[in-house]
Protein chains: 2
Amino acid sequence: MLTDMEISRQANVRPIGWIADDFGLGKHLWREAGHAMAKISLEAAREPRRGKLVIVTAVTPTPHGEGKTVTTIGLTQGLHLLGHKACACIRQPSLGPVFGVKGGAAGGGYAQVVPMEVMNLHMTGDIHAVTSAHNLAAAAIDARLFHETRLGPDAFSAKTGLQALNIDPERILWRRVLDHNDRSLRQIELGLGDNNGPVHGGGFDITAASELMAILALCENIADMRARIGRVILAMSRDGNPISADDLGVAGAMTAIMRDAIEPTLMQTLSGAPCLVHAGPFANIAHGNSSIIADRVALAHHDYVVTEGGFGSDMGFEKFCNIKSRASGIAPSAAVLVVTLRALKANSGVDGDDSERLEAGFANLHWHMQNVMGYGLPLVVAINRFPDDSMAELAWLKERCLAEGAFGCEISDAFSHGAEGARALAIAVARACDAPSNFEYLYDDQMDFGARLMTLAERYGAAGVSLSEDARRDLAMITQLGMDKLPLCIAKTPLSISHDPALKGAPSGFELPVVGLRLSAGAGFITVLTGKVMTMPGLGLLPGYLNIDINDKGDIIGLG
Amino acid sequence: MLTDMEISRQANVRPIGWIADDFGLGKHLWREAGHAMAKISLEAAREPRRGKLVIVTAVTPTPHGEGKTVTTIGLTQGLHLLGHKACACIRQPSLGPVFGVKGGAAGGGYAQVVPMEVMNLHMTGDIHAVTSAHNLAAAAIDARLFHETRLGPDAFSAKTGLQALNIDPERILWRRVLDHNDRSLRQIELGLGDNNGPVHGGGFDITAASELMAILALCENIADMRARIGRVILAMSRDGNPISADDLGVAGAMTAIMRDAIEPTLMQTLSGAPCLVHAGPFANIAHGNSSIIADRVALAHHDYVVTEGGFGSDMGFEKFCNIKSRASGIAPSAAVLVVTLRALKANSGVDGDDSERLEAGFANLHWHMQNVMGYGLPLVVAINRFPDDSMAELAWLKERCLAEGAFGCEISDAFSHGAEGARALAIAVARACDAPSNFEYLYDDQMDFGARLMTLAERYGAAGVSLSEDARRDLAMITQLGMDKLPLCIAKTPLSISHDPALKGAPSGFELPVVGLRLSAGAGFITVLTGKVMTMPGLGLLPGYLNIDINDKGDIIGLG
C-alpha cells in the first residue's frame, strides 16, 4: 500500500471554494487561505443547529495507535458516501509530535484530510498565534517584575501612573510555551546576566498545554475570548492575590494576536467531505477536544458532524461531556468507540495465547463501553481493521460488543478502502443518531468539589481519593476566589484508566492521588493533577524530523 | 489628523486579486491569503528584470523616527500616481516592536500599507515559521546531547545507526528565538530538573536576529534555502569541529517548516500600489533588508521597485550594497536618503539655537550623502516634512544638499498628503534612475579579511581597528573553514556612524573595536561584533501592548 503522504499527494484536491459551496457558505462567510484551506467567519455559526453530533472515542491507547482520527475521517467519508451532509471537526496537529514521532495527525491511508502536509505543518498559523499570545503575557509579567523591582513600587507608580502589582517571582504561574518537543526547556532559570532579572525559575510547556489553547477551543466568540483571556491568572502577588491578564493590561493585545485564530479552518477529506480543523488542546493536561465554534459552524450546515476527543474515553471523551458540552450546551446524539484487536491484546496486561489476551483485554473495552453508555448515549463500536486481523477474532469481538449492550458494532476498513470501507459503520452511526438518547453529565456542577471529584474517581474504578497538602492549599485558594464550582479537568496518564500507567485493563480498588490543583480561570475549569504529568514532551532517539526533507520539486517528503 | 489606524480602517482596501491583476500575475502565480494578502509563487520571479531598483535609506536614526518607511511607501504611491508601474518591497514587522513601542511598521499617515493591523500582526505567519524552524534545530541539538550523554557515544551509535556528534554543551552556538521583546530570556540556564540535561547556559534572541531570517531574505529559491539551512553551524564538537544542521539531520525538516514562508506576500498601499512584504532581518545584528526573491518578483513586473534598508546608510544601506546586492547581482539604479529637520538637530550633538544645531547636524547628513554617493549611485535627498517645520529651514537644507552634490532634493509630504505629497520626490527619483550610475561594492570579496574590515572601518571614520583575543580566535577558525572571504556584516549601534552611540554627527579618528566574529555559514556572511550588541530587546515602562485591544465589533484598536 502507498504511504499516507503518497496517497495525499495523488489525491484530487478540490479548490476549497467548491468545498465551501457544498458546505452551504455564502462567499461573505469565508476567505481563502491558499488553494486548500479557508478561514470561516464566526457569522457562519449564527444559524440554528441542524445536525446531529457524533463523538468518537477509543479504548486505552497503545503505542501502535488505534486509528481514532482515521475512523473519524472515514466515518465522515462514509456518511458523505451515503448522501448525507456530513462534516468532521478535529484538532489541529501540534508540530511536537509531527517532528518527534514519524507521522502526522491528519488521519491515514484512504481516510485522510488532504493535503496532509498542509494540515500537519502549521496550516494558517493558529497554534503559532496561541504561542505568541501566551509568550507575550510571559514577557509582560517579567518586564513588569523587572521595572517594579528596579524602581521600587512607589517610583514605578509615579513614573507610569500604573498601580504596582508586586509580583512574587517565586509564584509566577504562567510558564512559556513552544510548539516543539523540547525537553531541555522543561525547567530553566531565567533573568540571568546583567540587568535582566530578577533571576527566577520557569520553563516551557508545549503550546497544546496552554490555557489559551483551551480558551480558543471553549469560547463562543471574540468578546467571550477577550473576557476569558482577561481572567487568566498569571502570577500571585507577594501578598497572595492573583494577578490576571487584565490586571497586567495585556489581555487586549493577547486577543488581538489570536483574532484570526478564532476562525475555524475548512479543509477536505480524500472523498471531498468537509473537515473543520480548529484548536488543539491535549487531552491529558487540557480538555482535549476541538472547538465549540467549529462544532456550531458545522452543525448549522450539516446533518451529521463527527468529532473526536483525545486518547481513551476516560480522557477526551469524559472532558467532551463534562467540560465542552457543559460549556456549549450541545448534547451529542451518539458515540463511536474505536478498538483494534491489537489494542485489546496490548491492554490485556497478560502474556498468553491470543484468546486469553483478547478475553483479558476485553475488560478494558468493556469499561470504556460502560463509561460511554453511562452518559446516556447510543454507542457504536468501530473495530478498526488491520490487514492481518483474524476473521474469527473479529466476529468474536463483534458478538461480544453487541452482547454487552452496544447499539451497534461494525468493522471499519476506512484506512484501506476509504468511504466504502466505512459504509457499514456510517449506516450504524446514522441509525444510532436516530435512537433515543438521554445525554447527561457525570456530575452536577452544584455538587461540592469533593463530591464531584469522588464521582469521577469512582467512575475510573478508584476506591478513594487522597488530596496532598499542596492540593488542599490550592483548593482553599480556589474556594476563596469562588471558583470551586468549575468543572474538573483530570490531568492523568492516558495509558491506564487509573492514574498509574502500569495498571492495565480495567483497574479498580486503587486510591486516586491528587497532588495539586491548577485554576484555569479563563478556560473555566480546575485541572486536577494526579501525579507528575508531562507538559513538555521530549524528542526520542530517532525523531521524525530525520525523515523529513524537500525534494527537487520543492515538495515535502518523509512526513508519515 | 486621524491616527494611522483610523486612516487604515477608512481605506478603500481593494480585493487582493485586483492588485495581483494590476501586478501582471497570472492566476496560477498567486494564492489568496484572506482578502487583503496573497502569497506569490516563486515562478513569478522567473521573467527577466524589467525595472529599476531604488534603495531608500536615512540619516542616523533618532527616537522620533525619520519616516523611512513612510517615504518608501509614499514614493511608491507617487510613482504610481505619475502612471508608472511601481512596487514597494519592504520587511515584515517584528511583533517585538509592535507590542513594545506604540506603533507599527506599515508606514504611517497617508503613506501606509493597508490594512495596517494585518501587516503588523503576523500576516501569513512567515516570522512564526522562522521561529519554529529555528527552535526545532535548538531542540534537536539538546535532544541529541541528552541522548548521547545518557547512553555514551558507542551505545548511542549502536542503537541508532547514527554517528555520535559529541556536542560540546559549552559551545552550542545556536540560541533560541521568539518574536517578542523578552529581556528575561536573554540569558538562561536550561536542562534543569531530573533527566532534562545536561544543564548548560543559553538564551533567546528576537526572531529578526535569526540566521534563518537572513537566509530567507538572501536565498534565491527553495533548493538554495535548503542548501543554506544545511550549512548553518549549530554547535562545536568537543574536538573542535563545527556541527551543521545537515550533520544533525534536521535541515530538511527546518526547510519544510519554512516552505510557505519563502513566498513573498502581496499587499497594497493606500493608493492601491502593490507592496511585497517579505522577511525581516534587523539591520544592527543581521543584514537588515527585505528579500531578494521579492525584489526579483517585483522587478520582473514593474518599472520602478522601491525598497529600504534598516536604520541609517551606515547600516541597512551598506549591507544592501555589500551583502544583498553582491548575493543577487542586482544593482540599484538610484538611492533616496531620508532626513528630517528634527533629526538633523538631534544628530548635531550640540545645544544651541536652531541654526547652530542644523549646521552641526548637517555633518551627519553630509556623511550619509557621501557614503551613498560613494557607491556610485545618483542620490535624491527626501526631506520628510513635519507640519511645524520652518519653510526657511527647509529651503536652506534643500540648497545645502544640492550644493553638496545630491542629484536631487525634494520635500516629501506623503505622510499628510499621500501620493500627491510625494509627487515631486517621485519625479526626481524617476529622473535619477535615468541618470548615469556606476554602482560598485565598497570592497572586493577577494581582498583579505583585514583589508576588507579596514575599508569598512575607514568609511565609518575610524582611524584603526582593534581585534580582541576572541575575535582573533574566531577569525582563525573561520579561516580554517575556508570561509574568511565571505562579506562582512557589521553588528554595531545604529545610533552613531561609529560603534559608540555617544559619538554624534560624523565622528572620526576613533578606533573600531572588534570583540568577536560570528560565522553565518548559511546566510553567507561573517558578523563582526563591535562591542555588546543587543539581540533581544526588552519591554519598556509603558509598553505598546497596554493600548491594544479589540472593540465591540471585534476590530483591533490602539495599534499605532
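Chain A can be laid on chain B with an RMSD of 0.0 Å by a turn of 180° and a shift of 0.0 Å along the axis, the copies being superposed by least squares on the C-alpha atoms of residues with pLDDT of at least 70 in both. That is the relation of a two-fold axis. The same surface serves both copies, since 100% of the contact residues of chain A recur in chain B; contact means heavy atoms within 4.5 Å. Of the residues of chain A, A:Ala33 comes closest to the rotation axis, with its C-alpha at 2.1 Å.

This is a predicted model, in which local features need pLDDT of at least 70 and side-chain atom pairs count only at pLDDT 80 or more, while totals for chains, interfaces and linings use all residues. Residues are numbered from 1 along each chain as its sequence is written, chains are lettered from A and ligands numbered from 1 in the order in which they are written, and side-chain values use heavy atoms, with hydrogens and water left out.

In chain B, three strands form an open sheet of mixed pairing in the order β21-β24-β23. Helices (H or I, at least four residues) and strands (E, at least two) are DSSP runs, numbered from the N terminus, and two strands pair if DSSP finds at least two bridges between them. Strands β21 and β23 of chain B stand at the edges, each with a single partner strand, so one side of each is left without a neighbour in the sheet. Neighbouring strands of this sheet are turned by 25° against each other on average, direction ignored. Axes are lines fitted to C-alpha atoms, for helices over the stretch in contact, and angles run from 0 to 180 degrees between N-to-C directions.

Strands β21(B) and β24(B) pair in the parallel sense over four bridges. Two residues of β21(B) and their partners are listed below.

Helix α20 (residues 469–480) of chain B lies across β23 and β24 of chain B and runs at about 30° to β23(B).
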